[in-house]
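Thanks for coming, everyone. Please look at the sequence and the model on the screen while I talk.

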Amino acid sequence: MLDIWITDFWLLLKGAVIGFAVAAPVGPIGMLCIRTTLERGRVAGFAAGLGAAVADAIYGMIGVLGVTAISGIIEAQRHWLELGGGAFVILFGIHLGLTRPNYQNGDEIPVSLFADFLKTLVLTLANPSTILTFMAIFAGVPAAGAAELEAVPVIVLGVLLGSAAWWLTLSQGVGFIRHRISEQALKWMNWAAGILLVAFGVYTLGHLALHWPD
(Lines give C-alpha, C1' and ligand atoms only; values in the text may rest on other atoms or scores of the structure.)
Protein backbone atom coordinates (compact mmCIF):
# COMPACT_ATOMS: atom_id res chain seq x y z
CA MET A 1 0.00 0.00 0.00
CA LEU A 2 2.82 2.37 0.88
CA ASP A 3 4.53 1.57 -2.42
CA ILE A 4 1.37 2.56 -4.30
CA TRP A 5 1.16 5.88 -2.44
CA ILE A 6 4.84 6.60 -3.15
CA THR A 7 4.41 5.73 -6.83
CA ASP A 8 1.31 7.94 -7.11
CA PHE A 9 3.13 10.80 -5.37
CA TRP A 10 6.04 10.66 -7.81
CA LEU A 11 3.70 10.44 -10.80
CA LEU A 12 1.77 13.44 -9.44
CA LEU A 13 5.03 15.34 -8.93
CA LYS A 14 6.29 14.49 -12.43
CA GLY A 15 2.98 15.59 -13.92
CA ALA A 16 3.15 18.85 -11.95
CA VAL A 17 6.69 19.58 -13.15
CA ILE A 18 5.65 18.91 -16.76
CA GLY A 19 2.54 21.09 -16.43
CA PHE A 20 4.55 23.94 -14.89
CA ALA A 21 7.26 23.69 -17.57
CA VAL A 22 4.80 23.68 -20.47
CA ALA A 23 2.85 26.66 -19.08
CA ALA A 24 5.85 28.78 -18.04
CA PRO A 25 7.05 30.19 -21.41
CA VAL A 26 5.34 33.57 -21.83
CA GLY A 27 3.53 33.46 -25.15
CA PRO A 28 0.16 34.77 -26.34
CA ILE A 29 -1.74 33.15 -23.46
CA GLY A 30 0.75 34.51 -20.93
CA MET A 31 0.36 38.00 -22.37
CA LEU A 32 -3.42 37.68 -22.14
CA CYS A 33 -3.18 36.57 -18.50
CA ILE A 34 -0.85 39.49 -17.68
CA ARG A 35 -3.14 41.93 -19.44
CA THR A 36 -6.20 40.58 -17.58
CA THR A 37 -4.39 40.84 -14.24
CA LEU A 38 -3.30 44.42 -14.91
CA GLU A 39 -6.78 45.39 -16.04
CA ARG A 40 -8.95 43.72 -13.40
CA GLY A 41 -6.79 42.17 -10.73
CA ARG A 42 -5.24 38.92 -9.56
CA VAL A 43 -8.47 36.92 -9.30
CA ALA A 44 -9.39 37.64 -12.91
CA GLY A 45 -5.82 36.95 -14.03
CA PHE A 46 -5.76 33.61 -12.26
CA ALA A 47 -9.17 32.70 -13.71
CA ALA A 48 -7.74 33.37 -17.17
CA GLY A 49 -4.69 31.25 -16.42
CA LEU A 50 -6.85 28.45 -15.04
CA GLY A 51 -8.51 28.11 -18.44
CA ALA A 52 -5.10 27.43 -19.97
CA ALA A 53 -4.32 24.97 -17.16
CA VAL A 54 -7.49 22.96 -17.86
CA ALA A 55 -6.65 22.91 -21.58
CA ASP A 56 -3.13 21.70 -20.72
CA ALA A 57 -4.64 18.94 -18.58
CA ILE A 58 -6.94 17.86 -21.43
CA TYR A 59 -4.09 17.75 -23.95
CA GLY A 60 -1.84 16.19 -21.30
CA MET A 61 -4.34 13.37 -20.85
CA ILE A 62 -4.37 12.73 -24.58
CA GLY A 63 -0.59 12.96 -24.66
CA VAL A 64 0.03 10.48 -21.85
CA LEU A 65 -2.41 8.01 -23.40
CA GLY A 66 -0.37 8.19 -26.61
CA VAL A 67 -1.97 6.63 -29.66
CA THR A 68 -5.62 6.70 -28.72
CA ALA A 69 -8.75 7.17 -30.79
CA ILE A 70 -8.90 10.81 -29.69
CA SER A 71 -5.30 11.65 -30.59
CA GLY A 72 -5.72 9.76 -33.88
CA ILE A 73 -8.80 11.77 -34.82
CA ILE A 74 -7.13 15.05 -33.86
CA GLU A 75 -4.01 14.18 -35.86
CA ALA A 76 -6.13 13.18 -38.87
CA GLN A 77 -8.06 16.45 -38.71
CA ARG A 78 -5.09 18.54 -37.61
CA HIS A 79 -4.99 20.74 -40.71
CA TRP A 80 -8.64 21.77 -40.35
CA LEU A 81 -8.21 22.31 -36.61
CA GLU A 82 -5.16 24.49 -37.22
CA LEU A 83 -7.06 26.44 -39.89
CA GLY A 84 -9.95 27.17 -37.53
CA GLY A 85 -7.66 27.77 -34.57
CA GLY A 86 -5.35 30.13 -36.47
CA ALA A 87 -8.27 32.16 -37.82
CA PHE A 88 -9.87 32.35 -34.36
CA VAL A 89 -6.62 33.51 -32.74
CA ILE A 90 -6.14 36.22 -35.38
CA LEU A 91 -9.69 37.52 -34.96
CA PHE A 92 -9.40 37.49 -31.18
CA GLY A 93 -6.04 39.29 -31.37
CA ILE A 94 -7.57 42.04 -33.51
CA HIS A 95 -10.50 42.31 -31.10
CA LEU A 96 -8.15 42.50 -28.12
CA GLY A 97 -5.97 45.18 -29.72
CA LEU A 98 -8.98 47.34 -30.50
CA THR A 99 -10.69 46.87 -27.13
CA ARG A 100 -10.55 49.82 -24.76
CA PRO A 101 -9.03 48.69 -21.44
CA ASN A 102 -11.42 48.49 -18.51
CA TYR A 103 -8.92 50.22 -16.26
CA GLN A 104 -9.56 49.75 -12.54
CA ASN A 105 -6.93 51.41 -10.35
CA GLY A 106 -8.71 50.62 -7.13
CA ASP A 107 -9.94 47.43 -5.53
CA GLU A 108 -10.10 44.27 -7.59
CA ILE A 109 -13.40 43.78 -9.37
CA PRO A 110 -13.54 40.12 -10.43
CA VAL A 111 -16.34 40.31 -13.01
CA SER A 112 -16.90 37.79 -15.79
CA LEU A 113 -14.48 35.26 -14.30
CA PHE A 114 -16.05 32.46 -16.31
CA ALA A 115 -15.57 34.50 -19.49
CA ASP A 116 -11.89 34.98 -18.61
CA PHE A 117 -11.58 31.25 -17.99
CA LEU A 118 -13.40 30.31 -21.20
CA LYS A 119 -11.35 32.63 -23.43
CA THR A 120 -8.01 31.13 -22.50
CA LEU A 121 -9.44 27.59 -22.51
CA VAL A 122 -10.62 27.99 -26.12
CA LEU A 123 -7.46 29.81 -27.23
CA THR A 124 -5.22 27.10 -25.76
CA LEU A 125 -7.32 24.30 -27.22
CA ALA A 126 -7.09 26.07 -30.59
CA ASN A 127 -3.47 24.91 -30.80
CA PRO A 128 -3.64 21.10 -31.29
CA SER A 129 0.14 20.86 -31.66
CA THR A 130 0.22 21.04 -27.85
CA ILE A 131 -0.75 17.36 -27.88
CA LEU A 132 2.45 16.53 -29.76
CA THR A 133 4.43 18.53 -27.21
CA PHE A 134 2.97 16.52 -24.34
CA MET A 135 3.45 13.23 -26.19
CA ALA A 136 7.10 14.05 -26.79
CA ILE A 137 7.63 15.09 -23.16
CA PHE A 138 5.88 12.05 -21.72
CA ALA A 139 7.86 9.76 -24.02
CA GLY A 140 11.06 11.04 -22.42
CA VAL A 141 9.88 10.91 -18.81
CA PRO A 142 10.45 7.56 -17.09
CA ALA A 143 7.30 5.93 -15.67
CA ALA A 144 5.07 8.63 -17.16
CA GLY A 145 4.77 7.73 -20.81
CA ALA A 146 4.44 4.03 -19.99
CA ALA A 147 2.05 4.50 -17.07
CA GLU A 148 -0.77 2.07 -16.43
CA LEU A 149 -4.23 3.26 -17.38
CA GLU A 150 -5.26 3.69 -13.73
CA ALA A 151 -2.27 6.01 -13.18
CA VAL A 152 -3.33 8.42 -15.95
CA PRO A 153 -5.69 10.48 -13.72
CA VAL A 154 -2.83 11.02 -11.24
CA ILE A 155 -0.50 12.30 -13.95
CA VAL A 156 -3.19 14.52 -15.49
CA LEU A 157 -4.03 15.95 -12.06
CA GLY A 158 -0.33 16.72 -11.66
CA VAL A 159 -0.29 18.54 -15.01
CA LEU A 160 -3.34 20.57 -13.97
CA LEU A 161 -1.83 21.49 -10.59
CA GLY A 162 1.56 22.34 -12.06
CA SER A 163 0.10 24.52 -14.80
CA ALA A 164 -2.29 26.20 -12.33
CA ALA A 165 0.66 26.85 -9.98
CA TRP A 166 2.44 28.77 -12.75
CA TRP A 167 -0.62 30.89 -13.54
CA LEU A 168 -1.16 31.57 -9.84
CA THR A 169 2.47 32.65 -9.50
CA LEU A 170 2.25 34.87 -12.59
CA SER A 171 -1.05 36.54 -11.67
CA GLN A 172 0.06 37.17 -8.09
CA GLY A 173 3.41 38.58 -9.20
CA VAL A 174 1.86 40.90 -11.80
CA GLY A 175 -0.79 41.89 -9.26
CA PHE A 176 1.89 43.42 -7.03
CA ILE A 177 2.80 46.01 -9.69
CA ARG A 178 -0.71 46.45 -11.04
CA HIS A 179 -1.43 49.81 -9.39
CA ARG A 180 1.82 51.27 -10.74
CA ILE A 181 0.69 50.74 -14.34
CA SER A 182 -0.94 53.71 -16.05
CA GLU A 183 -3.95 53.49 -18.34
CA GLN A 184 -1.76 54.38 -21.31
CA ALA A 185 0.64 51.55 -20.48
CA LEU A 186 -2.32 49.19 -20.29
CA LYS A 187 -3.41 50.32 -23.76
CA TRP A 188 0.06 49.42 -25.03
CA MET A 189 -0.24 46.07 -23.29
CA ASN A 190 -3.53 45.47 -25.12
CA TRP A 191 -1.84 46.25 -28.43
CA ALA A 192 1.15 44.06 -27.60
CA ALA A 193 -1.05 41.12 -26.59
CA GLY A 194 -3.24 41.57 -29.67
CA ILE A 195 -0.24 41.77 -32.02
CA LEU A 196 1.33 38.70 -30.45
CA LEU A 197 -1.90 36.75 -30.87
CA VAL A 198 -2.25 37.85 -34.50
CA ALA A 199 1.39 36.93 -35.17
CA PHE A 200 0.84 33.52 -33.61
CA GLY A 201 -2.27 32.98 -35.74
CA VAL A 202 -0.49 34.10 -38.92
CA TYR A 203 2.40 31.76 -38.14
CA THR A 204 -0.06 28.88 -37.64
CA LEU A 205 -1.79 29.58 -40.96
CA GLY A 206 1.55 30.06 -42.74
CA HIS A 207 2.87 26.77 -41.42
CA LEU A 208 -0.41 25.14 -42.41
CA ALA A 209 -0.18 26.51 -45.96
CA LEU A 210 3.32 25.07 -46.38
CA HIS A 211 2.31 21.63 -45.10
CA TRP A 212 -1.23 21.31 -46.49
CA PRO A 213 -1.67 17.79 -47.86
CA ASP A 214 -1.96 17.35 -51.62
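Let me start with a definition: contact means heavy atoms within 4.5 Å. I will also say helix and strand, which are DSSP runs numbered from the N terminus, a helix being H or I with at least four residues and a strand being E with at least two.

Now the ground rules. This is a predicted model, where local features need pLDDT of at least 70, side-chain atom pairs count only at pLDDT 80 or more, and totals for chains, interfaces and linings use all residues. Residues are numbered from 1 along each chain as its sequence is written, and side-chain values use heavy atoms, with hydrogens and water left out.

First, the overall picture. The protein chain has nine helices and zero strands. Read from the N terminus, the order is α-α-α-α-α-α-α-α-α. Next, burial. Buried means under 20% relative accessible area, exposed means over 50%, and partly exposed is in between, with a 1.4 Å probe and protein chains only. The chain has 214 residues, and 43% of them count as buried. What about contacts along the sequence? Take those between residues at least 6 apart in sequence: 92% of them join residues at least 24 apart.

Let's see some of those places. Gly162 sits in helix H8, residues 152–177. Is Gly162 buried or exposed? Gly162 is buried, at 3% relative accessibility. Which residues does Gly162 touch, not counting residues up to four places away in sequence? The answer is Ala16, Gly19 and Phe20. Leu12 is 150 residues from Gly162 along the chain, yet their C-alpha atoms are separated by 9.3 Å.

Stay in helix H8 for Val154. Val154 is buried, with a relative accessible area of 19%. Leaving aside neighbours within four places in sequence, Val154 is in contact with Asp8, Leu11 and Leu12. From Val154 to Lys14 is 140 residues in sequence and 9.8 Å in space, C-alpha to C-alpha.

Now come from the other end. Val17 is in helix H1, residues 2–23. Val17 is exposed, with a relative accessible area of 53%. Val17 and Ala165 are 148 residues apart in sequence, and 10.0 Å apart in space from C-alpha to C-alpha.

One more stop: Ala53, in helix H3, residues 42–65. Ala53 counts as buried, at 0% relative accessibility. Setting aside neighbours within four places in sequence, Ala53 contacts Leu160, Ser163, Ala164 and Trp167. Ala23 is 30 residues from Ala53 along the chain, with 7.6 Å between the C-alpha atoms.

On to helix H6, residues 113–125. H6 has 13 residues and reaches 18 Å from its first C-alpha to its last. That is close to the 18 Å expected at 1.5 Å a residue; the expected span is 1.5 Å times one less than the number of residues. Which residues of H6 are buried? They are Asp116, Phe117, Thr120, Leu121, Leu123 and Thr124.

Hold on to Asp116. Side chains of opposite charge can pair when their charged atoms come close. Here, a salt bridge is a side-chain nitrogen of Lys or Arg within 4 Å of a carboxyl oxygen of Asp or Glu. How many does a search of the whole structure find? Two.

In one of them, the side chains of Asp116 and Arg40 meet at 2.3 Å, N to O. Asp116 is in H6 and Arg40 is in helix H2, residues 28–40, so the pair ties together parts that are 76 residues apart in sequence. Asp116 is buried at 3% relative accessible area, and Arg40 is buried at 7%.

Asp116 also meets Lys119 in a salt bridge, at 3.9 Å, N to O. Asp116 and Lys119 are three residues apart in H6, so about one helical turn separates them. Lys119 is partly exposed, at 28% relative accessibility. Together, Arg40, Asp116 and Lys119 are linked in a network of salt bridges.

Last, the two helices themselves. H2 and H6 pack at an angle of about 170 degrees, with their axes 11 Å apart. Ile29, Leu32, Arg35, Thr36 and Arg40 in H2 meet Asp116, Lys119, Thr120, Leu123 and Thr124 in H6.

Definitions and conventions. Axes are lines fitted to C-alpha atoms, for helices over the stretch in contact, and angles run from 0 to 180 degrees between N-to-C directions.
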